[in-house]
Amino acid sequence: MGKTKKDDKPRGTDPLINKKAKFNFELLDSFEAGVVLTGSEVKSLREKKGNLTDCFAKIRNGEVFLENFQIPPYKNGGYANHPEIRPRKLLLKAKEIEKIDRSIKEKGLVLVATRCFFKNNRLVKIDVALAKPKKLYDKRDDIQKKEAKIDMERAMKEHLRK
């Protein structure tokens, strides 16, 4: 079946993914958190507009805030549009916040946003992960493994063609 114009549009259920997080960090423990947004921000996210690339979270006064989460203004927002970058509060349980805070202070970990999605097509959720920054040689190893996997798949494909 051919694609229609309807199929080309991003759906509200498709997640925004931070691909750089897996490359730059070793992800250890992840949490699902709600996020406090305005109406125009949610509408903009439904159009799958947003950028998690440089996104991280900080703990201030016992609350977790998401920094550098870029949500472009909604095109039909009018005068009530939102600023593109601002700190957004994450909704986590107190025990989870304590656990995260302890890990950050004791082990020197970072809290990174990995994915933004709609749960039950209603609620905006963000997956945040405790992460340890990778060294340069770890990144090189990952690249080598990825290239080796691609070469193996190519060789298998060529072998099957013959």
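Modeller: Helices (H or I, at least four residues) and strands (E, at least two) are DSSP runs here, numbered from the N terminus. This is a predicted model, so local features need pLDDT of at least 70 and side-chain atom pairs count only at pLDDT 80 or more, while totals for chains, interfaces and linings use all residues. Residues are numbered from 1 along each chain as its sequence is written, and side-chain values use heavy atoms, with hydrogens and water left out.

By that count the protein chain comes to 5 helices and 7 strands. Read from the N terminus, they run α-β-α-β-α-β-β-β-α-β-β-α.

Let's zoom in on α4, residues 94–107. This helix has 14 residues and reaches 20 Å from its first C-alpha to its last, close to the 20 Å expected at 1.5 Å a residue (the rule is 1.5 Å times one less than the number of residues). Its buried residues are Ile 97, Ile 100 and Ser 103; buried means under 20% relative accessible area, exposed over 50%, and partly exposed in between, with a 1.4 Å probe and protein chains only. They sit on the same side of α4, because they cover an arc of only 130° around the axis, taken from the directions from the helix axis to the C-beta atoms. On the face turned away from that buried side you'll find the exposed residues Ala 94, Lys 95, Lys 105 and Glu 106.

What lies over the buried side? The cover of the buried residues of α4 includes β2, β3, β4, β6 and β7, going by contacts, meaning heavy atoms within 4.5 Å. Just past the end of α4, Gly 108 takes a positive phi of about 70°.

Asn 121 is not a glycine, yet its phi is positive, about 60°; it lies in the loop between β6 (110–119) and β7 (123–133). Lys 48, again not a glycine, has a positive phi of about 60° and belongs to the loop between α3 (39–46) and β3 (56–60). With 42% relative accessibility, Asn 121 counts as partly exposed, and so does Lys 48 at 32%.

Now for β5, residues 88–91. Arg 88 and Leu 90 make up its covered face, whereas Lys 89 and Leu 91 are on the uncovered one. Strand β4 (residues 63–67) runs antiparallel to β5 and is joined to it by 3 bridges; two strands pair if DSSP finds at least two bridges between them. Here Val 64 stands opposite Leu 90. Strand β2 (residues 25–35) also pairs with β5 in the antiparallel sense, over 2 bridges, and Gly 34 stands opposite Leu 91.

For contrast, look at α5, residues 136–161. This helix has 26 residues and reaches 38 Å from first C-alpha to last, close to the 38 Å expected. It is hardly covered, and the count of buried residues among its 26 is 0.

Stepping back, 29% of the 162 residues in the protein chain count as buried. The C-alpha trace spans about 60 × 50 × 25 Å along its principal axes. Among contacts with a separation of 6 or more, residues 24 or more positions apart account for 65%.
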